[in-house]
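The sequence and the structure are shown first.

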Amino acid sequence: MATPMTTHQWYVTAQWYTWQNERGHLHRTPTGPAHAKTFGAATTACGLTCDSWTKFWHLPYLGAKSIERCRECDLVISRGPMTNSSSAVPRRGPASR
Ligand SMILES: [Zn+2]
């Protein structure tokens, strides 16, 4: 049985935040680059210790479009989990016809 692709859910975490009033509700919004973090992890995807940072569990990192995202986190996530990284990027040799 093939299990559906179980990727870690990435959430936004940030060192600083600001309060934003949205339709009468106050929301915390990350200021500065938002980093990605999985639940229970002590570091961001890019390897920063984020214990004391604000976690935005309601904000999926990949869905966060209106905020500035950490480039390194983006890279790590787009690279995927390290577990099966032995498969190299398929290389195209010289055109063979
Ligand atoms: Zn990051």
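In which sense do strand β1 and β4 pair, and over how many bridges? In this predicted model, strand β1, made up of residues 11–14, and β4 pair in the antiparallel sense over three bridges. Within that pairing, Tyr11 stands opposite Lys37 in β4, and the bridge partner of Thr13 in β4 is His35.

## Overall organisation

The protein holds one helix and five strands, and from the N terminus on its elements follow the order β-β-β-β-β-α. Of the 97 residues in the protein, 19% are buried. Among contacts between residues at least 6 apart in sequence, 62% join residues at least 24 apart.

Confidence should be kept in mind throughout: the mean pLDDT of the protein is 82, and 74% of its residues reach 70 or more. Over residues 84–88, however, the pLDDT is below 50, and beyond near neighbours in sequence this stretch has zero contacts in the model. Where pLDDT is low, the predicted coordinates should not be read in detail.

β4, β1 and β5 form an open sheet of three strands in the order β4-β1-β5, with antiparallel pairing. The edge strands are β4 (35–37) and β5 (54–60), each of which pairs on one side only. From one strand to the next, the twist averages 40°. On the β5 side, β1 and β5 pair in the antiparallel sense over four bridges, and Ala14 stands opposite Thr54 in β5.

The remaining strand pairing described here is that of β2 and β3, which run antiparallel to each other over seven bridges. The table collects these pairings.

| Strand pair | Sense | Bridges |
|---|---|---|
| β1 and β4 | antiparallel | three bridges |
| β1 and β5 | antiparallel | four bridges |
| β2 and β3 | antiparallel | seven bridges |

Arg23 counts as exposed because it has 5 C-beta neighbours inside 10 Å.

The largest nonpolar core has 11 residues in all, namely Trp10, Tyr11, Val12, Ala14, Ala34, Ala36, Ala45, Phe56, Tyr61, Cys70 and Cys73. The largest share of this core, three residues, comes from β1.

Leaving aside neighbours within four places in sequence, Val12 is in contact with Pro30, Ala34, Phe56, Leu59, Tyr61 and Ala64.

Two residues illustrate the surroundings of the helix. Val76 is found in helix α1, which covers residues 71–79. With 18 C-beta neighbours inside 10 Å, Val76 counts as partly exposed. Apart from neighbours within four places in sequence, Val76 is in contact with Ala45 and Cys46. The C-alpha atoms of Val76 and Ala45 are separated by 6.3 Å, although the two residues are 31 residues apart along the chain; Ala45 is also a member of the largest nonpolar core.

Arg71 lies in helix α1 as well, and it counts as exposed because it has 10 C-beta neighbours inside 10 Å. Between Arg71 and Pro33, which are 38 residues apart along the chain, the C-alpha separation is 8.7 Å.

Technical notes
Residues numbered from 1 in each chain as written. Predicted model: local features only at pLDDT ≥ 70, side-chain atom pairs only at ≥ 80, totals over all residues. Pairing = 2+ DSSP bridges. Axes fitted to C-alpha atoms, helices over the stretch in contact; angles between N-to-C directions. Buried ≥ 20, exposed ≤ 12 C-beta atoms within 10 Å, placed from the backbone. Contact = placed C-beta atoms within 7 Å. Core = buried A, V, L, I, M, F, W, Y, C linked by C-beta atoms within 7 Å. pLDDT = per-residue confidence, 0-100.
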